[in-house]
Amino acid sequence: MPLTPNARGILTMCAGMAAFTFNDACMKAATQTLPLMQTIAIRGVLAVALLVAFARFAGGLRLPAAPRDRGLLALRTLAEVGATLTFLGALVHMPLANLSAINQAVPLAITLAAALVFGEAIGWRRLTAISVGLVGVLLIVRPGTEGFDRWSVLGLLSVCFVVVRDLSTRRMSGGLSTATVALGSAVAVAAMGLVGMVPGGGWQPVTGWNAALLALAAGALFGGYLFSVAAMRVGDVGAVAPFRYTALLWAILFGWLGFGMLPDALTLAGAALVVATGLFTLWRERQLRRRA
């Protein structure tokens with residue numbers, strides 16, 4: 001019995017979130033013995049090679065012709081670099097599940113930013129959901145306690161960069177291919193890693209284990225890109241998008257299996273608030289689109 005479009009989209013989205021989180025776990029493991037910038041550079045070069053091969057096969061690599069698209073691509077690329085640096089910088093020092101829980105606030109932050117920047121309408125229900133979701137984020141990071149440090153701030157900053165990245169992507173024209181956007185980001189991130197290696201002490205010896213971890217990370221990142229794009233092109237967005245939150249479940253699993261770390265009760269409570277309010281916001285947006 002063939003799967004419905006919604007079922008295919010949901011399965012693909014779950015696979016994409018698993019791939020992205022597996023990439024994070026591999027990078028966290030590799031940075032235990034290698035400098036952060038070197039791991040970013042190696043993974044980035046491998047990811048660029050995979051994306052170039054895919055773009056040549058798919059025939060979708062084209063530079064943007066419109067000046068507006070070029071500006072948006074540049075802004076998105078800079079935001080991707082900032083998001084990668086802050087997220088991985090925090091990941092080195094934070095449990096994977098805790099950082100993933102913070103990043104579940106991205107859909108709420110995007111909804112709020114779209115209202116502030118683009119003037120998109122936002123009713124009191126969604127505004128209330130965003131406020132409750134922010135309370136959940138506070139439960140996770142706990143400002144004023146010993147658990148709140150500069151790495152928690154980096155995690156929150158990565159959310160801000162992701163918001164800029166996704167809002168700039170939303171304003172791109174349909175003529176700009178996914179392969180071009182993804183490759184631009186991958187090249188910039190790899191270049192950042194290569195440049196950042198210089199003040200960090202240069203090249204450090206890479207063991208076979210670390211090489212395998214970084215190869216797996218690059219492959220998972222590549223798969224995450226393809227799965228997440230494919231998921232949003234199959235089925236109803238309102239049915240597929242909520243399954244982004246499965247990333248938190250994968251983060252808890254990989255954090256436990258790979259590092260023996262599990263989030264505490266407050267972190268889980270905060271994550272539950274963030275996910276619940278995010279799901280409500282997605283549902284509410286779907287209802288409004290139907291009315292329109």
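Contact here means heavy atoms within 4.5 Å. The structure is a predicted model, in which local features need pLDDT of at least 70 and side-chain atom pairs count only at pLDDT 80 or more, while totals for chains, interfaces and linings use all residues. Residues are numbered from 1 along each chain as its sequence is written, and side-chain values use heavy atoms, with hydrogens and water left out.

With a relative accessible area of 0%, S158 is buried, where buried means under 20% relative accessible area, exposed means over 50%, and partly exposed lies in between (1.4 Å probe, protein chains only). When its neighbours within four places in sequence are set aside, S158 is in contact with A83, T86, F87 and N103.

A salt bridge is a side-chain nitrogen of Lys or Arg within 4 Å of a carboxyl oxygen of Asp or Glu, and a search of the whole structure finds three of them. One joins the side chains of E80 and R76, at 3.4 Å from N to O. Both residues belong to helix α3 (residues 67-91) and stand four residues apart, about one turn of the helix. E80 and R76 are both buried, E80 having a relative accessible area of 7%.

E80 has a further partner in R165, with the closest N and O atoms 3.5 Å apart. Because E80 lies in helix α3 and R165 in helix α7 (residues 150-170), this pair ties together parts that are 85 residues apart in sequence. R165 is buried as well, at 18% relative accessible area. The side chain of R165 also meets that of D166 in a salt bridge of 2.9 Å, N to O. D166 is partly exposed, with a relative accessible area of 25%. Taken together, R76, E80, R165 and D166 are linked in a network of salt bridges.

What does a search of the whole structure find among the aromatic rings? There are four aromatic pairs. Rings of Phe, Tyr and Trp (its six-membered ring) pair if their centres lie within 6.5 Å; planes under 30 degrees apart count as stacked, over 60 as edge-to-face and the rest as tilted. F20 and Y225 form an edge-to-face pair, 6.0 Å centre to centre with 85° between the planes. F20 lies in helix α1 (residues 5-30) and Y225 in helix α9 (residues 208-232), so the pair ties together parts that are 205 residues apart in sequence. F20 is partly exposed at 22% relative accessible area, whereas Y225 counts as buried at 18%.

Helix α9 also contributes F222, which pairs edge-to-face with F54. Their centres are 6.0 Å apart, and the angle between the planes is 75°. Since F54 lies in helix α2 (residues 36-58) and F222 in helix α9, the pair ties together parts that are 168 residues apart in sequence. F54 counts as partly exposed at 29% relative accessibility, and F222 counts as buried at 18%. Elsewhere, ring pairs link F22, W250 and F254 into a cluster.

Another ring, that of F259, has the charged end of K28 over it, 5.6 Å from the ring centre. A charge sits over a ring if NZ of Lys or CZ of Arg is within 6 Å of the ring centre and within 35 degrees of the ring normal.

L253, W256, L257 and L262 make a nonpolar surface patch of about 430 Å². Patches are made of residues with over 30% relative accessible area and no salt bridge; like charges are joined within 9 Å, and nonpolar side chains (Val, Leu, Ile, Met, Phe, Trp, Tyr) within 5 Å. Accessible areas come from the Shrake-Rupley method with a 1.4 Å probe, and for residues only the protein chains shown count as cover.

The C-alpha atoms of V117 and L167 are separated by 9.3 Å, and the two residues are 50 residues apart along the chain.

Conventions
Helix = DSSP H or I, 4+ residues; strand = E, 2+ residues; numbered from the N terminus.
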